[in-house]
Amino acid sequence: MNLDRTLAITRKQFQTLRHDKRTLALMLVAPVMAMLIFGFAFGSGTKHVPVVVVNNDTSGVAAKIVAGLDHDILNISGSNDLSVAQQDVRNGSKVATLYFPAGFSTVNRAQLYIDTTNQQLSAAVLSTISAGAKSASPIDISYAFEKAKNASATDTLVPGIIAFAITVFTTLLTLLAFVGERTSGTLARLRVTPVTEAEIVLGYELAFGIIAAIQGSLLLAVAILVYHVLVVGPILVAALVVILTAIDAQAIGIVVSAAARRESQAIQFIPFIIFPTFLLSGIFVAVQSLPDWLRPLSYVLPPTWAIQALRDVLLRGWGIERVWPQLLVLLGFAVVFTFLAIFGLKRSRV
Amino acid sequence: MNAISFARVDKSYDTFKALDGLSFNVAKGELYGLIGPNGAGKSTAIKLMVGLQKANVGEVSVLGFSPQDPEVRSLVGYMPQETALYLDLTVYENLDLFGRLYGINKSERAARINELLEFVNLSDWAKTVITNLSGGMQHRTSLAVALLAKPKLLVLDEPTVGVDPELRAAFWQHFADMQNDGTTILITTHYMDEALRCDRVGLINHGKIVAEGTPAELISNSHTKTLEEAFLAYAGREKS
């Protein structure tokens, strides 16, 4: 293992980027764009769901519950006529009618008439009303993670987007770079020099680790400046997670590149990288809520561990003393995929 | 001791037998030409020689080493058929990268690169990105990379394709100078006038040597007047 040769490969990657402005832009602009699009589209949550309240209760208890509902999520209008209000739900202009009968304070039962044909809207109504009802009841709530008690959907989403963007863009760029190395003959040319397969792979890893650290910092800066996301824990630990995620992703890119003869074939692998990462690594759907048979697959995806580690650091405020198991798993993936990448390159000499 | 030795070498890709008992030797300091039709096995033989692939059967030895031995790599210069350069790097950056990989130290590297740039007539293009160069210029850069480490054995796969006649003559003068300095050179070519400049020529077809000797021997043994006619005669004889 020779450090000068390894660094020569790393240096070559940065020199290439200096001349190839389009790829440089892809590396820096595309992840930020992904962050902005996902953040605005999914992070803001459901808002302004039209709901009608018909309140025949004169005691003031129902009025207090209505006042306690989140008026950002629900766009509440009043009505005196229950049948007209329910007709509005049937014709699609309202999502739900909340009816408080006369004497509600004694019977303590209200009625919700709801359109469930759009789950996103009906779920927002149900969760907001049940939260409002709870706040009217004398339950004291305390928080396991005090600093994250007001965590928004965006706060939860941002770690997912960081891991997703780093994984997808790093895998993609390494895959294309390596298929390019094979098809142009430069890989063959490298391999007749004294450089070893391990030095080539580690040289690439170092370059992509540094690039990922830059990408991760950029993404985090956007998340803090644009979305004001919570950063409770040590940011350097988050950076370590990002770098390990990138090393995993680039080694996977090299391994996969062996299966493609041309760049056009490499493009065909993109859906197989994007969809599992997007759907199974816990960005939108919690890993725990995946079907039993599918869950093991999510645990063999490095971003699953990266997202959990990033959430633990950024939201729970955990340091390395608590997230080391996830870091160890990411490191384990890095070691395994690096060996596979080196082995794959050596094997092609046969 | 031979610089290159192939002994009954077979190499197959799936069902296609690219080399079929290939045997030949190249002596140290010799300029050896490997010529043959497309698909005859020239490039496969070269891949085995520079350690990019392994033989299925038989022995290949280069400068007394197995071609896979890391020790032999800094002793062999290789110019592949394709350009095989980093298109987004400049001429200088390409040479500098390979110079670093060959372990040439900083000051020596700069001097060697400038010397080679002058030789391939690209000093004014040192800071130009490869993708902006003509095919001939790219080829010249590729030759400069192969010469970087002052190799003991130079393996050139069709080095003068796309090179203008003046530069082609300069290339051959340089090969002759290198040979005088003791470098062994193996070259594949389609140009018969280039084959004539070789000390010995091996005619390869269907993965084996069908005739071998000095150009004069090949012509006289085949009762022809030119090397091209000799080549066609041997290829035809082998077919029948």
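## Strand β3 of chain B

In this predicted model, strand β3 of chain B, residues 31-35, has five of its five residues buried, so the strand is largely enclosed by the rest of the structure. The burial applies to both faces of β3(B). Leu31(B), Gly33(B) and Ile35(B) are buried on one side, and Tyr32(B) and Leu34(B) are buried on the other.

Two strands pair with β3(B) in the parallel sense. One of them is β7(B), residues 184-188, which is joined to β3(B) over four bridges; within this pairing, Leu34(B) has Thr188(B) as its bridge partner. The other is β8(B), residues 200-205, where the parallel pairing with β3(B) likewise runs over four bridges. Here Tyr32(B) stands opposite Arg200(B).

## The sheet of chain B and its helices

Strand β3(B) belongs to an open sheet of six strands, ordered β5-β6-β7-β3-β8-β9 in chain B, with mixed pairing. Strands β5(B) and β9(B), the latter covering residues 208-213, form the edges, each pairing on one side only. From one strand to the next, the twist averages 15°. An antiparallel part of the sheet is found between β8(B) and β9(B), which are joined by five bridges. In this pair, Leu203(B) stands opposite Ala211(B) of β9(B).

Helix α1 of chain B, residues 42-49, packs on this sheet and touches β3, β6, β7 and β8 of chain B. The direction of α1(B) makes about 150° with that of β6(B), a strand of residues 153-157. Helix α4 of chain B, residues 135-147, also packs on the sheet, with β5 and β6 of chain B as the strands touched. The angle between the directions of α4(B) and β5(B) is about 170°.

## Positive phi angles in chain B loops

Leu63(B) has a positive phi, near 50°, and is located in the loop between β4(B), residues 57-62, and β5(B). With 20 other C-beta atoms within 10 Å, Leu63(B) is buried.

Glu158(B) also has a positive phi near 50°. This residue lies in the loop that connects β6(B) and α5(B), the helix of residues 165-180. Glu158(B) has 19 other C-beta atoms within 10 Å and is therefore partly exposed, since a buried residue requires 20 or more.

## The sheet of chain A and its helices

Chain A contains an open sheet of four strands in the order β2-β1-β3-β4, and its pairing is mixed. The edge strands, each pairing on one side only, are β2(A), residues 74-79, and β4(A), residues 111-114. Neighbouring strands are turned against each other by 20° on average when direction is ignored. Within the sheet, β1(A), residues 49-55, pairs with β3(A), residues 96-100, in the parallel sense over five bridges. Val53(A) stands opposite Leu98(A) of β3(A).

Helix α3(A), residues 61-68, packs on the sheet and touches β1, β2 and β3 of chain A. Its direction makes about 170° with that of β1(A). Helix α4(A), residues 82-90, lies across β1, β2, β3 and β4 of chain A and runs at about 160° to β3(A).

The domain assignment divides chain A into domain 1, comprising 3-43 and 152-347, and domain 2, comprising 49-144. The centres of domain 1 and domain 2 of chain A, taken over C-alpha atoms, are separated by 45 Å.

Helix α14(A), residues 302-314, has 13 residues, which should span 18 Å at 1.5 Å a residue. Its end C-alpha atoms are 18 Å apart, so the span agrees with that expectation. Helix α14(A) is mostly covered, with 13 of its 13 residues buried.

## Contact between the chains

The interface brings 26 residues of chain B into contact with 22 residues of chain A. On the side of chain B that touches chain A, β5(B), residues 76-79, and α2(B), residues 91-101, each supply at least two residues. Helix α2(B) gives the most to this side, with five residues. By class, the side of chain B that touches chain A has 15 nonpolar, five polar and six charged residues.

Key:
Residues are numbered from 1 along each chain as its sequence is written. Chains are lettered from A and ligands numbered from 1 in the order in which they are written. This is a predicted model: local features need pLDDT of at least 70, side-chain atom pairs count only at pLDDT 80 or more; totals for chains, interfaces and linings use all residues. Two residues are in contact if their C-beta atoms, placed from the backbone, lie within 7 Å. Ala, Val, Leu, Ile, Met, Phe, Trp, Tyr, Cys and Pro count as nonpolar, Asp, Glu, Lys and Arg as charged, and the others, Gly among them, as polar. Two strands pair if DSSP finds at least two bridges between them. Axes are lines fitted to C-alpha atoms, for helices over the stretch in contact, and angles run from 0 to 180 degrees between N-to-C directions. Domain bounds come from an automatic or database domain assignment. The expected span of a helix is 1.5 Å times one less than its number of residues. A residue is buried if 20 or more other C-beta atoms lie within 10 Å of its own, exposed if 12 or fewer, and partly exposed in between; C-beta atoms are placed from the backbone.
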